[in-house]
Structure formats: C-alpha cells, structure tokens
Amino acid sequence: MEEILKENPKDTQAHKLKGMLSMKKNDPRTAVEEFRSLLKDLPDNAEVHYMLGMAHIANNEPLMGEEELRRAAELNKDLVQARLELARFSLKNGKIDEAQSQAKEILEKAPDNYEAYSLMAEVAQRQEDIEALFKLSEKMITLDPDRPTGYYYRGLAFQTRKKTEEALKDYEKVLAIQPDFDIAMTQIVAIYTQEKKDYEGAIKRIEEQIKKFPKNPNNFIQLAVAYQLKEKYREAMKYV
C-alpha cells in the first residue's frame, strides 16, 4: 500500500483502502488523514464524506463527524447508512425529535429498514409512548425474527403494561438469540426482585446464566445485587 502511494500519491483506491484498513486496525487518526486526502480529488463523493465522518467519530471528534455525515446525506439522499448514523448521533445527544424525524425519512426511502425501526422504538421508549413502542417492536420482529432487539423492546412494552410473564418470555427470547445482551438479563432480574419480590427465583435464574456463560462479569454483578436485596451480605461480597 505504501509503495503504491509512494509511486502515485493521488491513487484514490489506495487511499480509500488504507483508510478502511486503518479503521479496522482501530487507527481512526490515520483513517481521517486518508479520507481527507481522498476528498481533494473527490470533493462531492458522499461515500467518502460518510467514511470520514465515521473516522472522526471514532477519533473522538463528534462535531466534525456529524458535519461530514450531514454532508454525505446532502450529497446522496439515498445513502441510508449516513442518515442512520446521523439519527443515532441525534439520539445520543438528546435530540429526540430530530432523531425521530431522521428515522422517518429513512423509512420513506427504505420502508423495511430494521435499524430505522429500532431507532424509532428507542425514541418511543424515551417518550414513554408504550403503544408506539409495542407496534414498532412487533414490526421489528416481523421484519427479522432472528434478531433480539425487537423482542427486547416488546418486553419493555409488556413490562410497562404489567404483563410480567409476557415480558419475561420476550427477555428470555432475547438471551436465547444473544446471550450477552446484558440489559435483557437486568430486566429479568428486576422483574424477579422488584415486581415478584422473588429473590430466590432471581438468584436461581442468574446462577443458571452463570453456568451457561461463566465469563460474563455482568451476571456476577447481578448475583451480588440479588443477594444484597435478600440481605445476604456475606454471600453478596463473594461476587463484588
């Protein structure tokens, strides 16, 4: 790669490949340099602006990243990934209405985009719009029943509606698909300890998870909390 660029410093494919490899190697600073070099020859290339935006974000330069993502979306309104990242950025920074608007725009272009529905579901959760959350989660499950996020959001909707057993089933489905989806395990423990007041049930369920996945530290934290709630402090200290 270096030899190619030495012979031809303006080789756009070489700069692009070096930038992409740098991102994979967790070297966003180099990636920023490479994608900026690309823009000198391709100033209106939406894909390059998108890649540069993601490199800036990875390099802890969020505002510069947002600027490049917006430029990418302006240059190519069909570049869904740029719009998705912009919506995620808005949501992360508390701009809920903006994130919702961006997600809706994505769905106008790509009506079956799972990630856009996931963003809409998170917006609904933050707005405490449980009816919308339930409908969005159902749509996600229909679109891709092998992904865990739809079941998680539906579980939250059921839990808010006090449908505890239905919520538990959905959270267990999440863990069956993705065992390290820790927040689903957190919700299961919360149901046992806060709603059912079944501390033994919580401990038993966590121990089952530990047997299956003994290297996940979150499960041990959950176990410590469950023992504390049961006022078995000596047992809790074993897992702190």
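In this predicted model, glutamate 34 and lysine 18 form a salt bridge whose closest N and O atoms are 3.4 Å apart. Glutamate 34 belongs to helix 3 (residues 28–41) and lysine 18 to helix 2 (residues 12–24), so the pair ties together parts that are 16 residues apart in sequence. Both glutamate 34 and lysine 18 are buried.

Arginine 147 and glutamate 115 also meet through their side chains in a salt bridge, at 2.4 Å from N to O. This pair links distant parts of the chain, 32 residues apart: arginine 147 sits in the loop between helix 9 (130–143) and helix 10 (149–160), while glutamate 115 is in helix 8 (residues 114–126).

Within helix 8, glutamate 122 and arginine 126 are four residues apart, about one turn of the helix. Their side chains form a salt bridge with an N to O distance of 3.0 Å.

| Residue | Relative accessible area |
|---|---|
| Arginine 147 | 30% |
| Glutamate 115 | 25% |
| Glutamate 122 | 24% |
| Arginine 126 | 40% |

Salt bridges with shared partners join Glu85, Arg88, Glu115 and Arg147 into one network. The whole structure holds 21 salt bridges.

Glutamine 187 lies in helix 12 (residues 182–195). Glutamine 187 counts as buried because its relative accessibility is 17%, and the cut-off for buried is under 20%. Beyond its neighbours within four places in sequence, glutamine 187 contacts Tyr152, Leu156, Gln159 and Tyr171.

Terms used
Residues are numbered from 1 along each chain as its sequence is written. This is a predicted model: local features need pLDDT of at least 70, side-chain atom pairs count only at pLDDT 80 or more; totals for chains, interfaces and linings use all residues. Side-chain values use heavy atoms; hydrogens and water are left out. Helices (H or I, at least four residues) and strands (E, at least two) are DSSP runs, numbered from the N terminus. Buried means under 20% relative accessible area, exposed over 50%, partly exposed in between (1.4 Å probe, protein chains only). Contact means heavy atoms within 4.5 Å. A salt bridge is a side-chain nitrogen of Lys or Arg within 4 Å of a carboxyl oxygen of Asp or Glu.
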